[in-house]
Amino acid sequence: MAKSRQTLEQKRAEVRFRAFHSEQFDLVASYMADAIRERTSPLGHLLLRGRAISPFLEIGCETAPISLALVNRLGCEGIAADISLDSLKAVDAYRERLGLEKNPIRVCCDAHNLPLAAGSVPLVVSWGTLHHFPDPGPVVDEVRRVLRDDGTFFVGEEPVRRKLSLNIGSTYSLNRMGAMQRSLLRLRLLPWIFRIDGREAIEWGGVEGKFSVKQWRSILERFEDVRLRFSPYLTGDLRSVSAPLWRLLVALFGEARASRIATSLFGGNLGGEAVRLAERSLVRVRTTSSGENEGSLRALLVLHKPAGADVLRFVWKGIDAGDPVRYRIYGSPVEPAPGERPGEHVFRLEGPAVRATVLDVAAELPRSGVSLDAVLYSGPDRSGMLPVDPPAEHECVHPMEALACPSCVTVSDHCRTDLCGTPCASACPESAIATGGPKAEVDVSACTGCVRCVPVCPLSALDRPLLEHEGDRLVCPACGCAYPVVDGVYLLLREETKRQLGYGKTGPSGL
């Protein structure tokens with residue numbers, strides 16, 4: 001699936017449709033009450049299984065029933081994010097109608113450009129949101145960026161495209177269907193011709209995509225641990241397959257596999273959890289050894305490298321060209337070749353070591369005071385750098401500590417342009433990153449904050465700068481952009497996006 005982002009017109013359509021939807025007060029309040037009652041339990045199960053759920057981020061929250069449940073039912077702190085300012089402003093009225101006490105922090109932002117620091121929250125929730133993007137992939141990339149190691153992306157009720165259908169159009173939702181369509185739906189004839197639901201959003205100009213099971217798996221393959229649940233229901237309690245066929249599928253394949261088969265063939269929805277596993281690339285343990293040289297050092301290394309990398313380069317500080325270093329990989333002695341840099345040793349891996357993603361390496365060094373500077377790797381498909389003692393993630397306690405500038409990126413002191421190959425410069429579409437010195441520099445006047453440079457940095461040295469409070473607004477210390485609070489909602493959009501969506505000028509002078 002080619003990566004494509006929402007067009008400006010599609011974003012405007014979402015804003016208009018959600019503004020209209022948020023004004024249907026009685027209908028939306030009833031829906032929210034049901035959503036809070038039904039969706040608190042699966043999120044609470046995360047907590048019971050030992051998963052961290054606070055502070056959280058919910059994307060595409062509309063009038064925020066999930067966030068209200070997390071804050072008021074489960075005692076969490078978190079951020080409810082949506083591109084519709086009107087929907088977020090309406091949360092107050094719905095909270096009062098439902099008899100709830102607390103609001104989440106409300107942030108108006110673009111899901112393609114989340115205004116949070118990398119690795120800042122342990123839980124991101126998306127309930128029926130991803131199919132509103134022509135390609136959810138770039139949004140899921142942003143979700144992965146802001147999740148902590150071992151953080152959870154909770155996906156709820158995404159529609160699955162039915163294979164056995166002509167799919168010549170979409171119907172209105174159940175409460176707006178005509179009598180004929182309702183009758184055909186109950187006879188399970190309607191889905192052989194049309195997609196169920198979604199016509200309202202399409203008429204407003206929005207996206208109402210339905211992806212196959214295979215496509216959903218591809219979208220979520222950015223995560224290392226993905227567990228999906230399949231629900232073969234067309235709408236409400238109407239199962240997409242007849243009772244006799246369902247019983248036959250369960251008898252043949254078991255309930256879990258029958259659900260997946262029925263959802264794929266006859267339609268339904270899926271949900272589940274995708275976990276970002278820890279990515280610490282290099283763990284180093286030092287112990288003094290009783291080697292031939294007094295005070296010599298033995299370094300015991302555990303390397304997590306990409307499978308297929310067949311060349312490793314160790315770069316040491318404090319080693320001269322003639323100093324002997326003895327290596328063992330998996331306990332077997334190996335002899336390195338000299339590298340281009342002082343203190344660099346090159347290994348060409350063979351057999352199981354090439355396929356492995358974890359290597360045990362022991363190095364006996366000539367003296368104390370020697371330290372490992374970097375490990376470089378290369379292979380047929382990719383090359384890069386494994387960071388030694390990578391910087392800690394920005395783990396926030398309160399969600400306000402996670403908010404970061406959507407308009408620029410900055411570089412930390414962990415940057416090492418002499419070793420990493422500077423993939424950030426190639427990834428930047430605005431050519432805003434200069435890499436001529438020992439540390440990359442970002443031209444914040446040219447940077448648009450797209451963060452395409454952030455995930456490619458092997459040292460996690462690039463990130464959005466955290467915002468600072470200045471009166472009743474938030475200000476970026478790097479680029480100077482100011483972001484106001486509008487009726488309790490933080491408006492964290494780029495200046496151009498705010499103008500295009502009709503939210504007015506919100507620069508240093510405020511609204």
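## A walk through the model

Select E470 to start: its relative accessibility is 41%, which counts as partly exposed. On this scale, buried means under 20% relative accessible area, exposed means over 50%, and partly exposed is in between, with a 1.4 Å probe run over protein chains only. Before you go on, note that this is a predicted model, where local features need pLDDT of at least 70 and side-chain atom pairs count only at pLDDT 80 or more, while totals for chains, interfaces and linings use all residues. Residues are numbered from 1 along each chain as its sequence is written, and side-chain values use heavy atoms, with hydrogens and water left out.

**Stop 1: salt bridges**

The term here covers a side-chain nitrogen of Lys or Arg within 4 Å of a carboxyl oxygen of Asp or Glu. Side chains of opposite charge can pair when their charged atoms come close. By this rule the structure has 33 salt bridges.

Next, select R464 and E142. Their closest N and O atoms are 3.7 Å apart, and they form a salt bridge. R464 sits in the loop between strand 23 (462–463) and strand 24 (468–470), and E142 sits in helix 6 (residues 137–146), so this pair ties together parts that are 322 residues apart in sequence. Helices (H or I, at least four residues) and strands (E, at least two) are DSSP runs, numbered from the N terminus. Buried or exposed, what is R464? R464 is buried, at 2% relative accessible area, and E142 is buried too, at 5%.

For another setting, jump to R416 and D418. This salt bridge has its closest N and O atoms 2.8 Å apart. R416 is partly exposed at 24%, and D418 is partly exposed at 44%.

One more selection here: E14, R18, E62 and D82. Salt bridges link these four in a network. Leave D82 highlighted for the next stop.

**Stop 2: the largest cavity**

A cavity here is a set of points on a 1 Å grid, over the protein atoms alone, where a 1.4 Å probe fits but cannot get out; lining residues have an atom within 4 Å of a point. Grid points are joined across faces, edges and corners, and the volume is the space filled by probe spheres set on the points. Three cavities of 30 Å³ or more turn up by this rule, and the largest has a volume of about 160 Å³.

Which residues lie nearest the centre of the largest cavity? Select G60, D82, I83, A111 and F133: they are the ones, out of 16 lining residues. Now colour helix 1 (8–22) and strand 2 (78–82), each of which supplies at least two residues of that lining. Helix 1 gives the most, with three. By type, the lining divides into seven nonpolar, four polar and five charged residues.

**Stop 3: aromatic rings**

Rings of Phe, Tyr and Trp (its six-membered ring) pair if their centres lie within 6.5 Å; planes under 30 degrees apart are stacked, over 60 edge-to-face, and the rest tilted. The whole structure has nine aromatic pairs. In the F17 and W204 pair, the ring centres are 6.1 Å apart and the planes stand at 55°, so the pair is tilted. F17 is in helix 1 and W204 in the loop between helix 8 (199–203) and helix 9 (213–219), 187 residues apart. F17 is buried at 18%, whereas W204 is partly exposed at 31%.

**Stop 4**

Two strands pair if DSSP finds at least two bridges between them.

Zoom in on strand 12 (residues 311–317) and strand 18 (residues 371–378): they pair over seven bridges, with K317 opposite S371. Strand 18 and strand 19 pair over four bridges, and a hairpin of four residues joins them. Look for V375 opposite L386.

**Last stop: L493**

From L386, go to L493, which is 107 residues away in sequence and 34 Å away in space, C-alpha to C-alpha. L493 lies in the loop between strand 27 (489–491) and helix 15 (495–500), and is buried at 2%.

Methods. On a 1 Å grid over the protein atoms alone, a cavity is a set of points where a 1.4 Å probe fits but cannot get out, and a pocket is an open set with protein on both sides within 12 Å along at least five of seven lines; lining residues have an atom within 4 Å of a point. Ala, Val, Leu, Ile, Met, Phe, Trp, Tyr, Cys and Pro count as nonpolar, Asp, Glu, Lys and Arg as charged, and the others, Gly among them, as polar.
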